[in-house]
Amino acid sequence: MLQLTPQTIRIIDVYDDGTHARHFTFEPKGFVHDEPISIGQFFMLTVPGAGLAPFTYTSIPDKTGRFKALIRNVGHLTKKVFSLGKGDVLGYNGPFGRGWPVGLVMHKEVLIVAGGCGLAPVASTIDYLIKGGSSNSVTLLYASFDIASQVLKKERARWSSSINLFETLEVGGVSGRSGLPTQYLSHLLNKNDRHPDIVLTCGPEAMMMAVAKSCLDLGLKASDIWMSIERRMRCGVGLCGHCYVANSFACKQGPTYRYDEFVALENKTVAFEKHQGLFQYC
Amino acid sequence: MTEANNMANKLLINDLDVLKHHIAKFYSVVQIQKDVNGQELWTEQLGDKLDPLFGHNHLPLTSPKGFLFAEKEVLYKFDGETFETILPRVHPKVLFGVQACDLSAIAYQDKFFEHDPYYQKRREHILLVGIDCESPCANGFCVQVDAGPHVKDNTADLVLSRLSVDETNEFSEWLVIAQTEKGINSIKGMMLDKADNKHLKRRRELFEKVRSEFVDYSYISNAIEYLNDNSVPAQLWEELSVRCMGCSGCTNLCPTCSCYSTYEVVEKKTVTPASISNEVKLEVTHSETIRCWDSCLFEGFQKEASGHNPSQKAAQRVERFWFHKFSDEYLPEFQRYGCVGCGRCEQTCPGSIGVHSVMKRIDQQCCN
């Protein structure tokens, strides 16, 4: 039987990390993670009095079971989380869903395109690749609205010494470092020596679709593009029905989808808009 | 189940009340009843008031879905430190006289909620007594989606089928088929005559007779094909969805709809600030997480806190609803469509975009 009841976690650290965003460290209270967690999976956070919602691990549980998550204050549930501090307890269920194809990524030229707080779900992958000795073949294109809204400052500082990190701002960026991420794809994809084998993208859905389309135009195969999507969820185990993408549930078959699989799902229905042109950073 | 297929488990009875009273010794009876407005609903009987309104010629507005997948229930509670599962407190219930369509829906939900502890806790205490329909109902098209009009194999514990009726003496002969161990046990101790092959043959004849009485619903089969060909134009969904008011009437009455949401009921206490600079905050000391039926046709069903809504347009929501009911994509998992042909959505939809209206439009538009 599924266990819908959460286990207790305690906040042991919290700090501001970007506009309206905070980085939390949680510690399990009275339980151990009983199944291995894949990078790119997610967990459900129960906030007593406010409800439950999915969040990504910015770092998966270490030996002590501690893990981190970046949370943006955007709705009534996260507002409640922001009223909490060290020592407060919350509910935890997880891990859920399908993570990034890390087995495919290791030792390949990888381009990661993240937008806004879409950097959080790829953070563990970057750490994993660095730890695995692949840092030379990782390029991160990180796009955000402005300098204040950039998240994961500590992580980016750490990564900048080992991976190829390229940041762009929609507003306030200096020349050559401003505008949308898609503007820089031709530059990053055309480099003869470092042409990516695989692209991982996470950010606003319209951004991911635009990134994927640009990558296709630049010669990448649809099956080499992976994305992690966001959906509203009320269970994480394929029951509540909220996170559907055609006949799949993002909590089970996602949140990581191969681009061609995702497009095939979208094409099963006709009224869903494909490839919206505009996007906003969350 | 070889034992259940044995002729020993095929019996005859003349008075269903006798059967029901026997079962009522061990189970609380849930059956179709008229409410004060004359509306026929699935209701739990209290006391010994057992006036029958059997399903063979009454399709009630509600299905018995709520007796398995509760309309509202507590999942767990929080005491300030830990979370505790609250499973439903249940007692044995018999759903007496369930039609084939609703039984097919229960079999569908049994699969969907196979690992849901709340659903299964209720399910294991329920005895399903199915009843063969004797005539097509107003909006029913169970024959088109392989859900009726007779009870499908392995969807009920007991199946009742009226083989003959003598109106003058109010005498009926009913075939009782026990399909499961639970069904066999429920009639233990009753002295019933055994049925023979002639009774089973009679049931098959009645099945063919009822089947032949259905009007031509081929537009439904056609529309299912068009839906699966992906040949329904987006424009048609736009036109149909203008009529969707997001009232959730269809999803609430649909016996296979299973989407739910959760909400919290809290007990708060004021925390006195330690110093003047601390803001007064309400601390949640106890809370309960409750789940309740939700509807994929609500505008906010998929809306995220950021404002992003993957199904912002009514056309998207309406299309996805019908995709969920009739797409071949779900066949590997459920071995049947998500629609059991009860027609309740047609009966209730204030915008007239229930199943018949929608499938007729698709058939008309796509066949040209």
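The largest nonpolar core of this predicted model holds 170 residues, and Ile112(A), Val129(B) and Val176(B) are the ones with the most contacts inside it. A nonpolar core here is a set of buried Ala, Val, Leu, Ile, Met, Phe, Trp, Tyr and Cys residues joined through C-beta atoms within 7 Å. A residue counts as buried if 20 or more other C-beta atoms lie within 10 Å of its own, as exposed if 12 or fewer do, and as partly exposed in between, with C-beta atoms placed from the backbone. In soluble globular proteins, nonpolar side chains tend to be buried together.

A word on the bookkeeping: residues are numbered from 1 along each chain as its sequence is written, while chains are lettered from A and ligands numbered from 1 in the order in which they are written. Because the model is predicted, local features need pLDDT of at least 70 and side-chain atom pairs count only at pLDDT 80 or more, whereas totals for chains, interfaces and linings use all residues.

Leaving aside neighbours within four places in sequence, Val129(B) is in contact (C-beta atoms, placed from the backbone, within 7 Å) with residues including Val94(B), Phe96(B), Val98(B), Ala156(B) and Leu158(B). Strand β6 of chain B, residues 93–99, is mostly covered, with 7 of its 7 residues buried. Helices (H or I, at least four residues) and strands (E, at least two) are DSSP runs, numbered from the N terminus. Two strands pair if DSSP finds at least two bridges between them. On that basis, β6(B) pairs in the parallel sense with strand β7 (residues 126–131) of chain B over 6 bridges, and Gln99(B) sits opposite Ile131(B) in β7(B). Strand β2 (residues 28–34) of chain B also pairs with β6(B) in the parallel sense, over 3 bridges, with Val29(B) facing its bridge partner Val94(B).

Stepping back, chain B comes to 13 helices and 12 strands, and 41% of its 368 residues are buried. An automatic or database domain assignment gives chain B domain 1 (2–64 + 89–215) and domain 2 (219–256 + 303–367). The C-alpha centres of these two domains lie 29 Å apart. Their contact takes 21 residues from domain 1 of chain B and 18 residues from domain 2 of chain B.

Strands β7 (residues 110–115) and β8 (residues 138–144) of chain A run parallel and are joined by 6 bridges. An open sheet of 6 strands in chain A has the order β9-β8-β7-β10-β11-β14, with mixed pairing. At its edges stand β9 (164–169) and β14 (256–258) of chain A, each with a single partner strand, so one side of each is left without a neighbour in the sheet.

Elsewhere in chain A, Tyr92(A) is found in strand β6. Tyr92(A) is buried, with 24 other C-beta atoms within 10 Å. Apart from neighbours within four places in sequence, Tyr92(A) is in contact with Pro6(A), Gln7(A), Ile9(A), Phe43(A) and Leu45(A). The C-alpha atoms of Tyr92(A) and Arg10(A) are separated by 9.7 Å, though the two residues are 82 residues apart along the chain.

As for how the chains meet, 36 residues of chain A are in contact with 46 residues of chain B. On the chain A side, the elements giving two or more residues are β4 (51–56) and β6 (89–96) of chain A.

Note on methods
Contact = placed C-beta atoms within 7 Å.
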